[in-house]
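Please go through the model below with the side chains displayed. The text starts with charges and rings, then turns to salt bridges, aromatic pairs and model confidence.

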Amino acid sequence: MLDTTEEINKERNMLHHENMVFIAGGCFMMGSDKFYSEEKPVHKVTVDSFWMDKWSVTNKAFSDFVLATNYITIAERPLNPDDFPTVPEENLVPGSMVFKKQNKAVDLKNYENWWQWIKDASWKHPHGPGSSIVGLENHPVVHIAYDDAEAYAKWAGKELPTEAEWEFAARGGLDGMDFTWGNDDTQLTKPMANTWQGEFPYLNLLIDKYEGTSPVGSFVPNGYGLFDMAGNVWEWTSDWYVPHLDESANKVNTCCTTSINPRVTSPEKSYDPRQPQFKIPRKVVKGGSHICAPNYCLRYRPAARQPQMIDTGMTHIGFRCIIRTHNYI
């Protein structure tokens with residue numbers, strides 16, 4: 001029996017951090033000069049210590065949240081006509097973006113060749129009406145918009161990581177390496193993550209044995225004991241997307257010119273200039289997914305980053321949470 005306040009707090013602390021890993025803060029080189037332009041420039045960054053979920057939030061965990069709160073995700077709500085002024089009213093119904101594998105090579109410059117908006121697709125029905133998450137309880141939850149991830153995190157007493165925190169954790173101590181496991185892409189010989197092997201979006205060789213998402217923890221963890229920090233599903237971060245993080249972030253400099261957990265805190269520069277009709281800000285997602293392939297999206301790497309509109313969930317986007325040590329009592 002616990003006799004002191006200290007012992008009670010110790011037990012509560014252990015329970016609250018169940019299935020989490022403690023990440024000791026430190027300095028690392030963020031970004032990459034080897035792959036895509038949005039990952040440049042490489043710059044030195046410092047992050048404080050935090051706890052991070054061992055794996056992406058699962059369908060089971062998200063189900064517990066929904067059962068406790070009656071939460072309705074963005075994909076399950078009708079679209080806001082103010083956000084989609086050109087969309088006919090009859091199409092402003094609940095739904096989400098679903099990946100459609102092709103049977104031949106297609107123009108890789110047009111994502112509409114493999115993405116399709118499906119009515120009533122959601123976390124409960126990841127491939128649209130008729131599909132379910134039965135048997136997928138231990139897979140990462142998908143079709144999660146940013147507000148959905150934030151709502152879960154708040155309910156769980158946690159937060160979403162910054163881009164810098166996420167990348168630092170993903171590297172697992174391998175500072176400067178291309179992948180979470182080193183510098184060699186072994187996906188065609190010894191898969192270390194759930195990605196697309198073959199020619200995207202029509203030929204998946206399934207060397208990793210998975211078409212679609214895989215159960216969390218199916219692959220070897222990184223050096224910090226975190227699973228699926230590459231592949232499986234993209235994961236939300238709390239930072240607004242800008243083309244070059246180091247040039248636009250609010251940051252604190254030390255005497256050694258190290259940025260301390262740089263944050264992009266304003267949505268104004270995150271809008272997609274290619275789609276000016278949509279004034280929907282974008283957050284950074286990290287980690288790549290099961291449909292990342294070298295011939296199209298070699299982004300199952302710690303430095304890789306993409307923008308995602310905050311109101312849009314997809315079949316390859318999930319999230320995980322953190323607890324910052326200075327926020328926990």
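Arg299 lies over the face of Tyr36, at 3.8 Å from the ring centre. A charge is taken to sit over a ring if NZ of Lys or CZ of Arg is within 6 Å of the ring centre and within 35 degrees of the ring normal. Arg301 is likewise placed over the face of Phe35, at 3.8 Å from the ring centre. This is a predicted model, in which local features need pLDDT of at least 70 and side-chain atom pairs count only at pLDDT 80 or more, while totals for chains, interfaces and linings use all residues. Residues are numbered from 1 along each chain as its sequence is written, and side-chain values use heavy atoms, with hydrogens and water left out.

Arg299 also takes part in a salt bridge with Glu38, the closest N and O atoms being 2.9 Å apart. The two partners come from distant parts of the chain, 261 residues apart: Glu38 is in the loop between β2 and β3 (43-47), and Arg299 is in the loop between β11 and β12. Helices (H or I, at least four residues) and strands (E, at least two) are DSSP runs, numbered from the N terminus. A salt bridge here is a side-chain nitrogen of Lys or Arg within 4 Å of a carboxyl oxygen of Asp or Glu, and the count comes to 14 salt bridges. Glu38 is buried at 12% relative accessible area, and Arg299 is buried at 11%. Buried means under 20% relative accessible area, exposed over 50%, and partly exposed in between (1.4 Å probe, protein chains only).

A local example is the salt bridge of Lys60 and Asp64 (2.9 Å, N to O). Both residues lie in helix α2 (residues 59-69), four residues apart, about one turn of the helix. Lys60 is partly exposed at 44%, as is Asp64 at 32%.

Glu163 and Lys286 form a salt bridge at 3.7 Å, N to O. This pair links distant parts of the chain, with Glu163 in helix α4 (residues 163-171) and Lys286 in strand β11, 123 residues apart. Glu163 is buried, with a relative accessible area of 1%, and Lys286 is buried at 0%. Salt bridges that share partners join Glu163, Glu167, Arg171, Lys286 and Arg305 into one network.

Glu167 and Arg171 are also among the contacts of Met29 beyond four places in sequence, contact meaning heavy atoms within 4.5 Å. Met29 is in strand β2 (residues 26-30) and is partly exposed at 31% relative accessibility.

The structure holds 23 aromatic pairs. Rings of Phe, Tyr and Trp (its six-membered ring) pair if their centres lie within 6.5 Å; planes under 30 degrees apart count as stacked, over 60 as edge-to-face and the rest as tilted. Phe99 and Trp115 are edge-to-face, at 6.0 Å centre to centre and 70° between the planes. Phe99 is buried at 15%, and Trp115 is buried at 10%. Phe200 and Tyr296 are stacked instead, at 5.2 Å and 10°. Phe200 is buried at 2%, whereas Tyr296 is partly exposed at 31%.

How far can the coordinates be trusted? The average pLDDT, the predictor's confidence in each residue from 0 to 100, is 88 for the protein, and 85% of the residues score at least 70. Over residues 251-258 pLDDT stays under 50. Where pLDDT is low, the predicted coordinates should not be read in detail.
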